[in-house]
Amino acid sequence: MPMKPKRPCRYSGCPKLTDHKSGYCEAHRKMMQRHYEHFARGYDNHKRYDEAWRRIRNRYISSHPLCEICQSQGRFAEAKLVHHIKPLAEGGTNDESNLQSLCVSCHERIHKRGSRAD
Ligand SMILES: [Zn+2]
Ligand SMILES: [Zn+2]
Ligand SMILES: [Zn+2]
């Protein structure tokens with residue numbers, strides 16, 4: 001049976017040859033693994049952020065218990081979630097001026113209309 005041909009490590013500039021299916025030599029496989037763990041640790045920060053956001057949201061929704069869109073149209077619906085008028089991804093903040101209490105159906109309508117929330 002012929003030997004599997006070894007290829008150069010995929011890590012640019014690495015002179016080692018490897019036949020591992022990842023395409024990386026052993027040292028670089030370990031390095032990529034560390035990268036992955038580093039990446040996974042990032043989720044902890046995200047969790048802490050979520051807790052801070054939950055507090056802001058709970059405070060906002062308790063002072064704005066009704067869906068603001070329904071209310072502006074003369075209907076009364078219990079707010080179920082707090083929406084970012086300008087998404088965080090577009091530079092929006094958790095400031096009350098950027099928040100809106102919404103019922104589930106109004107919130108879905110906003111998000112279905114596209115990524116731009118008004
Ligand atoms: Zn390598
Ligand atoms: Zn509503
Ligand atoms: Zn939303």
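1. Helices (H or I, at least four residues) and strands (E, at least two) are taken here as DSSP runs, numbered from the N terminus. On that basis the chain reads β-β-α-α-β-β-α along its sequence, with 3 helices and 4 strands.

2. A word on conventions, before the details. This is a predicted model, in which local features need pLDDT of at least 70 and side-chain atom pairs count only at pLDDT 80 or more, while totals for chains, interfaces and linings use all residues. Residues are numbered from 1 along each chain as its sequence is written, and chains are lettered from A and ligands numbered from 1 in the order in which they are written.

3. Of the 118 residues in the chain, 13% are buried (20 or more other C-beta atoms within 10 Å of the residue's own; 12 or fewer is exposed, in between is partly exposed, and C-beta atoms are placed from the backbone). Among contacts (C-beta atoms, placed from the backbone, within 7 Å) with a separation of 6 or more, 34% join residues 24 or more positions apart.

4. Beyond four places in sequence, Cys67 contacts Ala77, Ala79, Ser101, Leu102, Cys103 and Cys106.

5. Now for Asp19, which sits in the loop between β2 (17-18) and α1 (26-63). Asp19 counts as exposed because it has 11 C-beta neighbours inside 10 Å. Its contacts beyond four places in sequence are Lys4 and Lys6, and 6.7 Å separates the C-alpha atoms of Asp19 and Pro5, which are 14 residues apart along the chain.

Methods. Two residues are in contact if their C-beta atoms, placed from the backbone, lie within 7 Å.
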